[in-house]
Amino acid sequence: MSIVATGVTKRFGEYTALDDVNIAIPGGSLTALLGPSGSGKSTLLRVIAGLETPDAGDVEIDGTDVTGVRPQDRGVGFVFQHYAAFKHMTVRDNIGFGLTVRRRAKAEIRERVAELICLVQLEGLGDRYPSQLSGGQRQRMALARALAVEPSVLLLDEPFGALDARVRTELRRWLRRLHEQVHVTTVLVTHDQEEAMEVADRIAVMDHARLQQVGTPRELYEEPSNPFVMGFVGAVNRLGDSFVRPHDLELRPSANGVTHPARVERVTHLGFEVRVELEREAGGALLAQLTRDEADELGIAEGDRVHVAPRKERVFAGGAGI
């Protein structure tokens with residue numbers, strides 16, 4: 001089921017949350033809405049779900065205008081950051097709740113719930129209550145509940161935001177595998193660049209209520225359309241009007257006519273990767289990413305004087321900064 005939002009604008013009093021947003025989300029894709037707090041990504045998700053009504057513009061799901069359609073009639077499953085589990089119900093009853101209120105046959109509910117418990121890897125936990133589950137298990141239960149009614153679209157609003165880093169990493173991989181199994185059109189809201197790039201087929205970057213760029217993770221990283229996208233999707237250095245990724249910053253022990261002198265402030269070893277924090281003599285911090293072999297060959301240490309130059313750089317029209 002494809003999703004198309006055309007000219008969507010949403011205001012809350014004098015505050016504009018969405019400003020003429022146009023986006024087309026292909027059916028069967030997993031698309032991330034990525035941006036900082038206040039960029040409009042959650043509001044756009046709620047407009048798609050029908051939880052907010054746009055002041056202007058239209059929303060279509062699978063070619064049908066649903067702008068005035070109630071949320072429960074859109075065929076949408078919604079998962080919030082804070083699970084919204086029924087504490088007095090077991091895992092099995094939580095997952096089957098949507099089918100129960102739709103008055104499905106008990107045998108059908110049992111079969112569907114059993115299928116979903118296996119799908120989200122909660123075997124043996126069906127009779128537990130939410131308080132007896134870990135955070136990751138509760139979130140998988142919430143996803144199973146959203147999938148139980150076989151939605152045409154699955155909307156996830158910062159679903160892993162309340163979890164610790166290790167559990168978030170595990171659930172990101174699990175969500176990717178789950179999507180490959182169920183193929184439901186999925187939209188994920190996140191402010192975490194790594195999460196978006198690891199999970200999504202496509203990323204829509206938002207800032208200040210407007211859509212900045214839509215593309216694959218690689219397209220956004222390698223071909224950003226403006227300084228904001230380049231600075232938000234991955235780390236970046238600024239050298240004059242040039243924007244340089246840390247891994248594209250070359251360190252040399254001596255000058256060669258095109259390099260910039262800098263002082264090594266900190267060297268951090270992260271397995272195969274070494275991060276070097278630098279301070280330019282002309283002023284301004286820089287970050288370089290080296291392989292372990294490159295760092296060993298240079299033999300750099302805190303306090304050393306080095307010379308830096310970009311291997312690859314990008315200059316945007318107008319030379320606008322981040």
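The questions and answers below concern a predicted model.

Me: Is Thr16 buried, partly exposed or exposed?
Reply: Thr16 sits in strand E2, which spans residues 15-25. Buried residues fall under 20% relative accessible area and exposed ones over 50%. The relative accessibility of Thr16 is 28%, so the residue counts as partly exposed.

Me: Which residues does Thr16 contact, leaving aside its neighbours within four places in sequence?
Reply: Tyr129, 113 residues away in sequence, has its C-alpha 41 Å from that of Thr16, whereas a contact requires heavy atoms within 4.5 Å. With those neighbours left aside, the contacts of Thr16 are Lys10, Arg11 and Ala209.

Me: Which strands stand at the edges of the open sheet of five strands?
Reply: The sheet has the order E13-E17-E14-E15-E16, with antiparallel pairing. Two strands each have a single partner, so one side of each lacks a neighbour in the sheet. These are E13 (249-252) and E16 (285-291).

Me: Which residue in E16 stands opposite Glu273?
Reply: Strand E15 covers residues 273-280 and pairs with E16 in the antiparallel sense over seven bridges. Opposite Glu273, E16 places Thr291.

Me: Which element gives the most to the lining of the largest pocket?
Reply: This pocket holds about 630 Å³ of space. At least two lining residues come from each of strand E6 (76-79), helix H2 (91-101) and helix H4 (135-148). The most, four residues, come from E6.

Me: How many residues lining the second largest pocket are charged?
Reply: The second largest pocket has a volume of about 180 Å³. Its lining includes Glu222, Arg245 and Lys312. By class, four lining residues are nonpolar, one is polar, and the charged ones number seven.

How values were computed:
Residues are numbered from 1 along each chain as its sequence is written. This is a predicted model: local features need pLDDT of at least 70, side-chain atom pairs count only at pLDDT 80 or more; totals for chains, interfaces and linings use all residues. Side-chain values use heavy atoms; hydrogens and water are left out. Buried means under 20% relative accessible area, exposed over 50%, partly exposed in between (1.4 Å probe, protein chains only). Two strands pair if DSSP finds at least two bridges between them. On a 1 Å grid over the protein atoms alone, a cavity is a set of points where a 1.4 Å probe fits but cannot get out, and a pocket is an open set with protein on both sides within 12 Å along at least five of seven lines; lining residues have an atom within 4 Å of a point. Grid points are joined across faces, edges and corners, and a volume is the space filled by probe spheres set on the points. Ala, Val, Leu, Ile, Met, Phe, Trp, Tyr, Cys and Pro count as nonpolar, Asp, Glu, Lys and Arg as charged, and the others, Gly among them, as polar.
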